[in-house]
Amino acid sequence: PRLLHAGAALRSLAAQRRGACPLRGGGAGGRCRRDGARHMTSAKQAILVINAGSSSIKFQLFDGEHSLLRGQVDGLGTEPHLSVRDDAGGVLADSALPADDAACHETALGAIVAFLARAVPDIAVCAVGHRVVHGGPDHADPVLIDETLQQALARLEPLAPLHQPHN
């Protein structure tokens, strides 16, 4: 999946409901790949929105405008814990994680992806939205993330040193 700012991902939900790919801005038919090829899967598409903090990652999975589940991995680097609830508030996960599975943001994200693969195997993540703590004066609107944007955001790390590096 490609990364989008969270606002862009959420605004693309209407297009997804029409059967259009939220990343291509195009017509129906599930055309999410850059080459325009149709998806060869019957999996339902969803958007994953994440918010990386200084010692946690919060996430929510959307099917159209409907939230399927939300959760977080907290205690990164100390005592990592995964908690996930469905849209009705039912507990899907509430357990400690092995320290190696969430020693840092990268491995915690891997634990989230592994959980999603087990918990909702019929869901394909088509896009990922991500909240960035500080975009500076030039990055206040939703955008697709590329190398240039990543470099610009890295220069803003002194403005939020506990959060921005993980974004």
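**Exercise 1.** How many residues does the hairpin that joins β2 to β3 pass through? Work out the pairing of β2 in this predicted model.

*Solution.* 
Step 1. Start with the link: the hairpin between β2 and β3 has three residues.
Step 2. Take the pairing with β3. β2 and β3 run antiparallel, with six bridges. In this pair, Ile47 stands opposite Phe62 of β3.
Step 3. Turn to β7. It runs parallel to β2, and seven bridges join the two. Here the bridge partner of Ile47 is Ala127.
Step 4. Check the cover. Of the nine residues in β2, seven are buried.

**Exercise 2.** Which elements give two or more residues to the largest nonpolar core, and which gives the most?

*Solution.* 
Step 1. Size the core: it holds 24 residues. Phe59, Leu61, Val73, Leu82 and Leu116 have the most contacts inside it.
Step 2. List the elements. Strands β2, β3, β4, β5 and β7 each give two or more residues, as does helix α3.
Step 3. α3 gives the most, with five residues.
Step 4. Follow Leu116. Beyond its neighbours within four places in sequence, it contacts Leu48, Phe59, Leu61, Leu69 and Pro121.

**Exercise 3.** Where is the pLDDT below 50?

*Solution.* 
Step 1. Read the chain average. The mean pLDDT is 75, and 68% of residues reach 70 or more.
Step 2. Find the stretch. Residues 1-41 fall below 50, yet they have 90 contacts in the model beyond near neighbours in sequence.
Step 3. Apply the caution. Where pLDDT is low, predicted coordinates should not be read in detail.

Definitions and conventions: Residues are numbered from 1 along each chain as its sequence is written. This is a predicted model: local features need pLDDT of at least 70, side-chain atom pairs count only at pLDDT 80 or more; totals for chains, interfaces and linings use all residues. Side-chain values use heavy atoms; hydrogens and water are left out. pLDDT is the predictor's confidence in each residue, from 0 to 100. Contact means heavy atoms within 4.5 Å. A nonpolar core is a set of buried Ala, Val, Leu, Ile, Met, Phe, Trp, Tyr and Cys residues joined through side-chain atoms within 4.5 Å. Buried means under 20% relative accessible area, exposed over 50%, partly exposed in between (1.4 Å probe, protein chains only). Helices (H or I, at least four residues) and strands (E, at least two) are DSSP runs, numbered from the N terminus. Two strands pair if DSSP finds at least two bridges between them.
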